[in-house]
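Work through the two exercises below with the structure in view. Each task is followed by its solution in steps.

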There are 4 protein chains.
Amino acid sequence: MPECLVFRIPTRHPADVSGLVELIDSGKVKADEIVAVFGKTEGNGCVNDFSRPLAVMALETLLAARLGCTPHEIGTRVALVMSGGTEGGLSPHFLVVARRETDEGSVHKGPGSLAVGTAFTAPFRPEEIGRMAQVRATASAVRQAMEVAGITDPADVHFAQVKCPLLISERIADAEARGQTVVTHDTYASMGFSRGASALGIGLALGELTEDQLSDAVICRQSELFSGRASTSAGIELMRNEVIVLGNAPSWHGPLRIAHRVMRDGIDLDAIRGALGDLGLSAAGQLAPSQAERVVALLAKAEPSGNGLIRGRRHIMNDDSDINATRHARALVGGVAAAAIGRTDLFVSGGAEHQGPDGGGPVAIIADMRA
Amino acid sequence: MPECLVFRIPTRHPADVSGLVELIDSGKVKADEIVAVFGKTEGNGCVNDFSRPLAVMALETLLAARLGCTPHEIGTRVALVMSGGTEGGLSPHFLVVARRETDEGSVHKGPGSLAVGTAFTAPFRPEEIGRMAQVRATASAVRQAMEVAGITDPADVHFAQVKCPLLISERIADAEARGQTVVTHDTYASMGFSRGASALGIGLALGELTEDQLSDAVICRQSELFSGRASTSAGIELMRNEVIVLGNAPSWHGPLRIAHRVMRDGIDLDAIRGALGDLGLSAAGQLAPSQAERVVALLAKAEPSGNGLIRGRRHIMNDDSDINATRHARALVGGVAAAAIGRTDLFVSGGAEHQGPDGGGPVAIIADMRA
Amino acid sequence: MPECLVFRIPTRHPADVSGLVELIDSGKVKADEIVAVFGKTEGNGCVNDFSRPLAVMALETLLAARLGCTPHEIGTRVALVMSGGTEGGLSPHFLVVARRETDEGSVHKGPGSLAVGTAFTAPFRPEEIGRMAQVRATASAVRQAMEVAGITDPADVHFAQVKCPLLISERIADAEARGQTVVTHDTYASMGFSRGASALGIGLALGELTEDQLSDAVICRQSELFSGRASTSAGIELMRNEVIVLGNAPSWHGPLRIAHRVMRDGIDLDAIRGALGDLGLSAAGQLAPSQAERVVALLAKAEPSGNGLIRGRRHIMNDDSDINATRHARALVGGVAAAAIGRTDLFVSGGAEHQGPDGGGPVAIIADMRA
Amino acid sequence: MPECLVFRIPTRHPADVSGLVELIDSGKVKADEIVAVFGKTEGNGCVNDFSRPLAVMALETLLAARLGCTPHEIGTRVALVMSGGTEGGLSPHFLVVARRETDEGSVHKGPGSLAVGTAFTAPFRPEEIGRMAQVRATASAVRQAMEVAGITDPADVHFAQVKCPLLISERIADAEARGQTVVTHDTYASMGFSRGASALGIGLALGELTEDQLSDAVICRQSELFSGRASTSAGIELMRNEVIVLGNAPSWHGPLRIAHRVMRDGIDLDAIRGALGDLGLSAAGQLAPSQAERVVALLAKAEPSGNGLIRGRRHIMNDDSDINATRHARALVGGVAAAAIGRTDLFVSGGAEHQGPDGGGPVAIIADMRA
């Protein structure tokens, strides 16, 4: 029976895989057990963020060497989800997610253990990005990933991560040369459309949304349509969607468990405290160091509210032409999450279109349930 | 007997004084009662932050019209402390501090009420900035401000704000034309030296430091020398130091009181909770809305740690050439403070050289003690 | 008979009006002769550029004091066109344009002397920005300004500058609260729509475009529709369009003359050399210092090409999320113009939607014709 | 007898080696003939520029596959000099420099053909960066590279490129843990010290400077000490200096030749025109397209002047806290060079400490001498 392992590894720079080398060499994880790597890398998280492809190239090179395949093949076996942007105090790190088959364990009573499944869509054409073609392909991949994870009830899914592509000048030109239109000519804006379509696809697969609510016209326009468990992140380095589903499943083994809440805005400390409470981690104020150690990972989405306000007070994220709005939002949510947990190596990702309510977003926490 | 009033006014842009106009017109404060205005404005908080002089010009124009003097004279009567930078979710606003003479009140028993005093140094020459000349002149101005506030015991001072100048290319050239050296040729770095020297001057006046510990050589170099109640902020628009001292004094009247703590790092939620607790504001997690309303102002300093770490985890503030380190730090501390208070109109100011320990800084909270 | 005077004044910061004070005090220009001030200020030239309102406030305060009116009234008498962004080597400065009535002169034979006229539209509602309402109101104001300048033949107009508003979160919310839509929710993008609509209005007035070519749908979409003499610049500080028309008119007196060319791309040195040649300023390579002194002003527009290429080679302006595309474009054109002229105090303004061909823009030069 | 080949290859992103693949596959160059690759990549050119290591990793992977060695070994055989920053209109590209042994040719009469030599220093310790240890090691490597190039007279060297390391928080901590001091704690400033020390090393080797003029104290402080042929560029991805010397040598064969000039400031168009003239490329204004095609490469250095002026007019490069000064300088010089050449794929590199006079820098041009 399977066990889902999660390792948190600090990095000294985006191409620093020395921690993963050490982890594999120590025998704690085998290269062929790794199903996904989440990376927080220190670029701008926007169009020209080269920290993401740099990390991907380094991880692919390492894993290819260990698995005896080409770097390119790694991309078909392991979901590498790099999220750029460690604004504020966020600390660059990798989260290595592995699936181990073991016969030691016994089926958990109750809510089950952490389970993981991955799946990929086919590559998108530029004109499909940010439109229903991307929504539907994503929904299909999420269902496939749930099957891999052995999760049948969508309610047992607590987090669905998608890495998705964006438009750049060349891709736009390519589509237009073929007589196609693209969703936007603004390359930065295209990241939002791609994230938004992917999130709606997750919501569709998890039963939070129905197909008749969705159309090209609602994507990034009707913010009241959202998934409370979606996290999507756009990167220049890929043209397909990569899906990782995390949930609890009774058929899985091990000490890890996941819980989630929806943050209603960027300063919703109580949502984080709620998810912590579900995992037996309660504290007045910040977690004690011993509690913080039990938190294996926090995954959250950050987004500026469209109306320019947080609880009625003006923020300047959307009117700042020096720092992109998603960078401000990650810094804010990173500060709020670090206040709760007492640690900064948290996976806070920007751009939460259709991922939670406008200005808010999902937060999931994976904890080791052993006291 | 005096009462110190504090009004928090949102702004729609740096020159937006409409809220202050309304406040004066409503009769809640008289123009000649205003002794200081703290402003969080939405520039970059660095060398070329024009949101600060814009706010100053707008405030001077308004107050001059109301007081029947020239805008220039306002500068000699009212301390206008503009701090640029509302990164993350911070909300631009003014804090208007007024002193009212009243005979209604009676002397408080116990710790006294909020008291304020202001003072100014003479203008500095460029070569004095960031050096002992600035330290000593600041200490002298702090003592003068305490006298104005009727505070005799330095322990009753909970916050000392200084607005100080910086070097720009022309000021450096001016000094060098006169055969003088300046502390640095890096204009951005000069902001740190000016803030650092000013903070040491506060520490000297408050008895936290002694003169024999101080010299040009320690400024911005020996971070273990600091004041736990200093907040200093550099701006291009002035050449002198402007000092505002806030404390509790038994000779003052009114419902407001101030408390402070030293944050040991940027995520020290418990320091904020400690200061809140001193003011009778305790909560598991975020303050309830009714409690948050009692918080009139939070004033905090933010700074990246010099060793590149927060509790052993790497931050990238010092290695980011796109966003200045102080901008990251303000965003982080703003997030932590908003997590505690549940509101974003907080006066978090960047650059905490010699203001609290390396990577940390003071936090002061003013609350209305009426339940 | 009128003479148009143009003075170029360096500034030490956006609020530095000391040069203008000196100019007026010297008697070289009278305050009531000033019809317009063009300012290159050192902000980001984007949404949150506070260097522009700061310069406007300083200029209004000065001119109001000299003319014995309120600062607000200055806005109705003098066109203050602040263009933010001095990237690369561009040098911040003001161009003061004055109209003097004199009887000394005699009508020029030939092409006439520099002539100026200004006009203003009524304030726009947020929903009108970037749409035909703005196009038509601008065209009408250009015709009015030509009348003021005594120019009857549109071919005698060599430069038409418009300062126009932009959308910010609050203005969008205002429109939507009244049930209206706005042209875009992206505040930065709104600057382009406003500039584009204004440029089309100029083209309409100058006969370069016809009304049946124009509609809401073509604005910022059909780049082949453009004016070769339009320069439009968006700022947060106004809600109407301010128009300044510059041309040569036989009924005007004085040594100044203006010429223009359309730069076909950002490195079109020969367009600049063409305009210089029209004014008798030819050189192999850079102008000699004595020639450069005769150049009173260079006014140019800069824009990234939409296809991401300059003469077939990729530029990265549109894919850079750290520095806005218009900032790159201003730096480039500023370098090309400085190469030609040998000086950096040039009025290069960003965002050339419908102002010249895609990736190019108009360049106008005012020279003193006395050898 | 040897021939030096130079190929200019556009890139679509920093890791795009498809053009080099095509070049090798076409047989125009053999992988083992390549001695150096200069890359202009589209990062910020500052501390956290990940476009450089990304390009290096992609080039090493490709060349290792072609040469049958490890990527790491490529670093010891080929000098990969990535210079980040394509501000303004600069176009990302690689310059592939190869050495071919051929017996077809005959010794040139006259000034000889383009010759190249490379050499590497040993890795530096952090405390050596920006100090005399780096100066001396660089001088020694330059002499070694000249020997490889068969150049005996230093006057025949027209360009010496050095890629050098920088300090980051961790390297500083490493030095200090060993009781050593570093030249600066400001990681961005460390790039300047490393470039400056490397440039002085080049000047020492080329006889432009003597050892008794040099000491730790003059580095980045006495700007009148400089090399007129040095180009140095700092990157996070290496700890040694990599040297490439380019000159003309009678013992080399082929149609390429190199010339250089020193730009006295950032707008010194005539310096570029001088170097072009040396290579038989004269034009009034911009080069004609047929002439531009003969320009194989332009390599220049850009730097803001320390006094904040260009020919007496203020620039804002040093006072801009949003965009680093070197980014402004590259954009400016790129514009001036593109004005001359009529093309934007130019290797303009930032940070010219001790490389030409303050605010200026060397410019070298490689041309095909066949009409």
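**Exercise 1.** Find how many residue pairs are in polar contact across the interface of chain C and chain A, and describe the side of chain C.

Step 1. The rule finds 14 residue pairs in polar contact across this interface, both residues at pLDDT 80 or more. A polar contact is a pair of N or O atoms within 3.5 Å; within protein, one must be able to donate a hydrogen and the other to accept it, and residues adjacent in sequence count only if both atoms are side-chain atoms.

Step 2. On the side of chain C that touches chain A, helix H5 (169-177) and helix H6 (187-205) each supply at least two residues. Helices are DSSP runs of H or I with at least four residues, strands runs of E with at least two, numbered from the N terminus.

Step 3. Sorted by class, that side of chain C has four nonpolar, seven polar and seven charged residues. Asp, Glu, Lys and Arg count as charged; Ala, Val, Leu, Ile, Met, Phe, Trp, Tyr, Cys and Pro as nonpolar; the others, Gly among them, as polar.

The model is predicted: local features need pLDDT of at least 70, side-chain atom pairs 80 or more, while totals for chains, interfaces and linings use all residues. Residues are numbered from 1 along each chain as written, chains are lettered from A and ligands numbered from 1 in written order, and side-chain values use heavy atoms, without hydrogens and water.

**Exercise 2.** State in which order the four strands of the open sheet in chain A lie, and which are the edge strands.

Step 1. The order is E9-E14-E10-E13, with mixed pairing; two strands pair if DSSP finds at least two bridges between them.

Step 2. Strand E9 (256-263) and strand E13 (347-350) of chain A each pair on one side only, as edge strands.

Step 3. Strands E10 (295-302) and E14 (361-368) of chain A run antiparallel, joined by five bridges. A:Leu299 stands opposite A:Ala364 in E14(A).
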